[in-house]
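Reader: Could you take me on a close look at one helix and what surrounds it? I would enjoy a connected account.

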Amino acid sequence: MTDTPAPELVASCWTSAGDVAPLQSPETSPVHIAERLEAIASTGWSGFGLAHDDLAAARATLGFPALRSLIDDAGLRHVEVELLTDWWDESLTHLWRPQIDLLLEAAEALGARFIKVGTTIGEPLDNLDFLVEPLRRLTAEAALRGTRIALEPMPFSMVGTVPAAAGLMRKVDMPGCGLVVDYWHVFRAGTTLDELASSLDANQIFGVELNDADAEIRGSLFEDTRDNRRLCGQGDQDVAGFIKTMISIGFNGPWGVEILSEEHRAIPVQKALRVAYETSLACFRESQL
């Protein structure tokens with residue numbers, strides 16, 4: 001029997017960021033970018049992600065061309081950049097326009113597969129039509145820079161579920177606009193794997209992020225996703241079943257792994273990356289049984 005090739009795994013930005021968390025100000029990793037890339041490459045990953053503030057710091061210090069050289073030297077094939085919000089609100093253009101300009105520049109210079117965008121924290125909305133035209137504008141602008149726009153639905157945001165986001169993508173109807181499907185946001189939104197399979201089209205899936213969690217939510221949904229995620233296969237969710245479902249829809253990687261937790265942030269980055277990689281691979285092996 002022929003062995004199944006190992007999946008290409010991408011260390012999503014927080015997986016390699018060390019002791020920093022979303023909504024800190026700034027969201028800048030304390031780990032030097034060169035050390036971070038070396039740790040990512042040496043632990044088996046095929047790619048990585050960087051958040052806006054880390055990109056701003058990299059541009060201001062070594063510059064994007066030098067960063068691209070480090071990425072190429074490390075043999076990393078996949079780059080992701082994130083996260084833009086408020087992009088639909090013209091009254092806040094003065095805030096988000098500089099952010100998208102930086103993300104577009106980074107995506108072009110580093111060869112990023114997509115720019116990840118989100119929506120405001122709050123209750124999910126039933127009517128998402130007001131996002132269609134802003135997404136079309138962002139997508140057209142991204143295409144000029146050789147990249148795409150990937151919306152990540154989150155249960156504590158305006159676009160709260162993957163089925164709702166998939167419906168929005170059908171209205172946007174542009175090949176350069178798709179979704180990032182984060183497993184934590186799937187199960188915490190109450191979306192079943194059957195609902196996921198029936199709502200998504202393969203061409204809508206630009207990225208997938210793997211992780212795990214306990215059955216019970218601790219704190220708010222945002223606090224739980226920031227502080228209490230578990231390594232793949234170490235919680236109560238069906239990570240192997242999720243992998244099988246995404247493959248059945250037609251997704252074939254590369255697969256992001258996004259581990260966010262107080263425990264993960266406390267571990268030295270190289271060790272944290274190694275255990276995140278190994279536990280993720282174990283779930284792929286389980287999915288093939």
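Author: The buried residues of α10 are V239, A240, G241, F242, I243, T245, M246 and I249. Buried here means under 20% relative accessible area, with exposed over 50% and partly exposed in between (1.4 Å probe, protein chains only). Helices (H or I, at least four residues) and strands (E, at least two) are DSSP runs, numbered from the N terminus. Please keep in mind that this is a predicted model, where local features need pLDDT of at least 70, side-chain atom pairs count only at pLDDT 80 or more, and totals for chains, interfaces and linings use all residues. Residues are numbered from 1 along each chain as its sequence is written, and side-chain values use heavy atoms, leaving out hydrogens and water.

Helix α10 spans residues 239-249, and eight of its eleven residues are buried, so the rest of the structure largely encloses it. Its buried residues pack against β6 (177-182), α7 (183-188), α8 (193-199), β7 (205-210), β8 (255-257) and α12 (269-287). After α10 comes G250, with a positive phi near 130°.

Setting aside neighbours within four places in sequence, V181 is in contact (heavy atoms within 4.5 Å) with V162, V186, L196, L200, I205, G207, V208, E209, F242 and M246.

Of its 81 residues, W87, L168, V181, L200 and M246 touch the most other members. Helix α4 (residues 93-110) contributes the most to this core, with eight residues.

Conventions. A nonpolar core is a set of buried Ala, Val, Leu, Ile, Met, Phe, Trp, Tyr and Cys residues joined through side-chain atoms within 4.5 Å.
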